[in-house]
Amino acid sequence: MSSEHLDALPGRRPRPGWLAPLLLVLIAVVEGAASHQGNPAIEHAFGRTPVPERPPQRVVTLYQGATDTAVALGIEPVGVVDSWLEQPMYHYLREALQGVEHVGLETQPDLERIAWLDPDLIMATRFRHERVRPLLEHIAPTLATREVFDFKATLRLMAQATGREARARALLDDWDARVQRFRRQIAREMPAAWPQKAAVIRFKPDHVRLYSTGFAGSILDELGFQQPRSLDDQSWGIKLTSEENIPILQADVIFVLREPDDPAIQRNYRRWTEHPLWQQLDAVREGQVFEVEAVDWIMGGGIIAANRMLDDLFSHYDLPATGQGIDCPRPGDGMPRALSTC
């Protein structure tokens, strides 16, 4: 008796027409999962994700460090989040990312727009995107770092997922060589005054932030700088609301993170730097207060920004920096347009 006749028997419910296609889909899913079980997996902050058989071609980056890293690896993302400053994208990345779609904010990505871009890889961070993780993973394989400022972890993770491990190793080898060059040169130039205690501060309209960890802090630690004593046992740093707190900024060198022109910030800056207590700081009396770009020192978050920060330090300490920088992708190499600052 045929299946059609069986369906027609009294008391037998007809099989829905979509049952056979659904079974085929389920079989494909099971077979796909089984095939992935033997594949190597990428370990990341969201767990384990099978290494794709083909390198992803449509990458969406959901934090600044991932966007910077994509450019360094020669990847042109199909979607990026807006920058914190210099919106919608940091100046040093604009040439490489002309025409790339924007998918909202780092803290609130536009999931509908991301899905519309049909990515085959999403780069996220647990710090920002744990809440929307299930939705992101439903759109495309999603890899996450633990911290937004760990540029080395971001570089290794994205390189592993996209088959660019050789370029990542070259970038990191170059970085390590530059770090060692800086450490040797600064110890030779100022043997009696090294290591220095370095304070990284940022003026806001109604307070001053003194940073201890994060992007700049981790790089300064790697270079051999020390933290001001006031930052012992602090987490991200300290928020100072009164000029009476100025002695907390005591350090051998102070790096002031510049902001875009903001009258309220400028007023607060003048109020603090004209105070007598500011004039008594060692760094101020020794002429060791340097203004630096906030984008390079705390916002960029990737290997290119790290090298730009290191450029600043070579310059501020008047150290020779021959052979510096990273070998950025060049036009004609099948990669995004080069950055003039690389």
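Analyst: Buried means under 20% relative accessible area. The model is predicted.

User: Which residues of α10 are buried?

Analyst: Helix α10 spans residues 214-223. It is mostly covered, with seven of its 10 residues buried. Those buried residues are G214, F215, A216, G217, I219, L220 and L223.

User: What do the buried residues of α10 pack against?

Analyst: Contact here means heavy atoms within 4.5 Å. The partners include helices and strands. For the buried residues of α10 they are α8, α9, β8 (198-203), β11 (253-258), α14 (294-299) and α15 (303-316).

User: Which residue follows α10, and what is its phi?

Analyst: The residue after α10 is G224. Its phi is positive, near 105 degrees.

User: How many aromatic pairs does the structure hold?

Analyst: Rings pair if their centres lie within 6.5 Å. The structure's number of aromatic pairs is 15.

User: Why is the pair of F151 and W175 edge-to-face?

Analyst: Planes over 60 degrees apart count as edge-to-face. The ring centres of F151 and W175 are 5.3 Å apart. Their planes stand at 80 degrees, so the pair is edge-to-face.

User: Which helices does the pair of F151 and W175 link?

Analyst: The two residues are 24 apart in the chain, and the pair links distant parts of it. F151 lies in helix α8 (residues 151-162) and W175 in helix α9 (residues 165-189).

User: Is W175 buried or exposed? And F151?

Analyst: The cut-off for buried is under 20%. F151 has 4% relative accessibility, so it counts as buried. W175 has 0%, so W175 also counts as buried.

User: What is the plane angle between F151 and F215?

Analyst: These ring centres are 5.8 Å apart. The pair links helix α8 to helix α10, 64 residues apart. F215 is buried, with a relative accessible area of 3%. The pair is edge-to-face because the planes are at 75 degrees.

User: Which residues do ring pairs link into a cluster?

Analyst: Pairing again rests on ring centres within 6.5 Å. The linked residues are F182, W194, F225, F255, F290, W297, F314 and Y317.

User: How far apart in space are A321 and F182?

Analyst: A321 is found in the segment after α15. It is buried, with a relative accessible area of 16%. A321 and F182 are 139 residues apart in sequence. In space, C-alpha to C-alpha, they are apart by 8.1 Å.

Note on methods: Residues numbered from 1 in each chain as written. Predicted model: local features only at pLDDT ≥ 70, side-chain atom pairs only at ≥ 80, totals over all residues. Heavy atoms only, no water. Phe/Tyr/Trp six-rings, centres within 6.5 Å; stacked < 30°, edge-to-face > 60°. Helix = DSSP H or I, 4+ residues; strand = E, 2+ residues; numbered from the N terminus. Buried < 20%, exposed > 50% of the residue type's maximum accessible area, 1.4 Å probe, protein only.
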